[in-house]
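Open the model in your viewer and keep the sequence panel in view.

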Amino acid sequence: MNCDIHDPKLASAGRQRILWADRNMPVLKRIRERFDKEKPLDGYTIGACLHVTTETANLMRTLKAGGARVLLCASNPLSTQDSTAASLVEDYGIEVFAIRGEDRDTYYKHIQSVISAGCHVTMDDGADVVSTLHSDGAKYAASVLGGTEETTTGVIRLRSMEKDSVLKYPIIAVNDAITKHFFDNRYGTGQSTIDGVLRATNMLIAGSTVVVAGYGWCGRGLAYKARGMGGHVIVTEVDPFRALEASMDGFRVLPMKAAAPIGDLFVTVTGDCSVIRKEHFEMMKDGAVVANSGHFDVELDLVQLGEMAVKREMARPLVEGMTLANGRTIFVLAEGRLVNLSAAEGHPACVMDMSFANQSLSAEYIIKNHEKLERKVYPVPKEMDRYIASLKLETLGIEIDTLTPEQVKYLSSWDMGT
């Protein structure tokens with residue numbers, strides 16, 4: 001099979017982990033069962049650039065059950081689980097191009113391997129496939145009917161492309177589905193980021209000053225988790241509405257310059273670049289820990305930090321100490337890459353269940369409706385979002401009320417007052 005993975009012999013361990021995750025992804029499993037019967041993706045090729053984890057593996061299984069040819073590469077060099085990649089190839093017949101720790105050249109070679117297959121649907125986690133198709137792989141873009149994007153960072157990039165009228169095909173912003181960002185971003189990122197920090201450092205959150213850069217859904221989740229573990233949480237923001245919300249949620253809000261001298265742990269979750277930079281590093285205390293849980297490693301200006309460092313050494317696996325001229329050492333986790341996936345396992349499967357339900361149904365939607373779609377970034381259809389939420393409730397054994405005919409009439413009328 002056409003693939004590039006670390007070691008096929010890891011497949012058995014990978015299969016065990018994939019099936020464990022599948023137990024906690026009942027919504028995706030139901031979709032997979034329907035796909036297996038109806039084959040709505042038959043004859044189509046889907047190219048995905050996602051984190052190669054056990055949860056992603058179950059999405060790939062679902063797409064293949066629908067009849068698609070599926071190719072997968074990594075959206076982050078440090079997020080690949082080599083055993084998962086091996087099992088996808090050996091047990092499930094998925095074409096995978098992903099090796100944990102791959103260098104930049106290999107990373108983009110793997111993306112080229114996916115897009116050269118002539119994809120009809122792309123799935124992105126950061127828009128690297130889309131950007132490559134629009135530059136180095138333009139000749140392959142003609143076959144693409146549409147794509148999906150899973151991250152805030154990617155959606156920002158794609159909306160910029162739409163604004164500049166350079167987007168070559170329609171994209172569904174899976175990231176913006178309520179069943180994605182309310183749960184995946186908030187509960188998933190909150191828990192998995194703390195998990196990654198703890199696995200890398202074994203530090204105690206209780207009593208520590210935790211600085212969260214960005215109060216979007218990911219920042220909200222992280223701030224609440226850190227406070228729940230006893231951390232003294234400071235939020236930094238550039239958006240006045242989010243800053244006000246953070247304050248009213250009970251968090252201390254400061255500029256990064258004011259937070260830098262007092263923080264013990266800094267985590268960026270903004271989707272922007274150079275959020276923590278030279279002027280901040282210079283003010284940090286000895287032993288400060290910095291990490292990133294936004295999509296790209298550019299949130300921490302590690303180029304500047306590297307230039308400032310007079311000494312660099314690995315203190316622990318995935319923990320690099322950068323000693324500055326002032327004698328203070330700053331510890332960088334996971335090379336500034338996604339700490340929740342580089343140092344831990346990413347989001348729990350039960351959360352990714354809804355995110356990947358969105359991905360699979362969006363792929364089906366694109367194939368069925370691509371002729372009606374313009375070259376724009378579209379939201380996930382509301383009825384699809386509600387359907388996924390309803391399925392999740394059903395699999396959890398939770399029942400809710402329904403509107404009576406009288407209530408429906410009242411909500412749709414203008415002449416029924418007090």
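What follows is a list of selections and what to look for at each.

**Before you start.** This is a predicted model, in which local features need pLDDT of at least 70 and side-chain atom pairs count only at pLDDT 80 or more, while totals for chains, interfaces and linings use all residues. Residues are numbered from 1 along each chain as its sequence is written, and side-chain values use heavy atoms, with hydrogens and water left out.

**Stop 1: the annotated site.** Select Thr53, Asp125, Glu150, Lys180 and Asp184, which an unreviewed UniProt entry marks as "binding site". UniProt positions are in the numbering used here, feature names are shortened, and annotations may be inferred rather than shown by experiment.

Centre on Glu150. It sits in the loop between strand 5 (146-149) and helix 7 (152-163). Helices (H or I, at least four residues) and strands (E, at least two) are DSSP runs, numbered from the N terminus. Glu150 is buried, at 3% relative accessible area. Buried means under 20% relative accessible area, exposed over 50%, and partly exposed in between (1.4 Å probe, protein chains only).

Now show the contacts of Glu150, where contact means heavy atoms within 4.5 Å. Leaving aside neighbours within four places in sequence, they include Asp125, Lys180 and Asp184. Met352, Ser355, Phe356 and Gln359 are also among them.

Move to Asp184, in helix 8 (residues 178-201). Is Asp184 buried or exposed? Buried, with a relative accessible area of 2%. Not counting residues up to four places away in sequence, Asp184 touches Glu150, Thr189, His347, Val351, Met352 and Ser355.

**Stop 2: Asn340.** Select Asn340 in helix 14 (residues 339-342). Asn340 is buried, with a relative accessible area of 3%. Beyond its neighbours within four places in sequence, Asn340 contacts Ser192, Thr193, Ser293, Glu345, Gly346 and His347.

**Stop 3: the nonpolar cores.** A nonpolar core is a set of buried Ala, Val, Leu, Ile, Met, Phe, Trp, Tyr and Cys residues joined through side-chain atoms within 4.5 Å. The largest has 49 residues. Select Ile46, Leu59, Met60, Leu63, Leu88, Val96 and Met123, which have the most contacts inside it. Which helix gives the most to this core? Helix 15 (residues 349-369), with 9 residues.

Zoom in on Leu59. Not counting residues up to four places away in sequence, Leu59 touches Leu28, Leu50, Met123, Phe356, Gln359 and Ser360. Then select Ala223, Val269, Val289 and Ala343, which are included in a second, separate core of 25 residues.

Stop 4: On a 1 Å grid over the protein atoms alone, a pocket is an open set of points where a 1.4 Å probe fits, with protein on both sides within 12 Å along at least five of seven lines; lining residues have an atom within 4 Å of a point.

Select Ile178, Lys382, Asp385, Arg386 and Ala389, the closest to the pocket centre of its 16 lining residues. Then colour helix 16 (382-395), which gives the most to the lining, with 6 residues.

**Stop 5: a backbone check.** Most residues other than glycine have a negative phi. Select Lys39, whose phi is near 50 degrees. Lys39 lies in the loop between helix 2 (26-38) and strand 1 (45-50). End at Glu335, with phi near 60 degrees.
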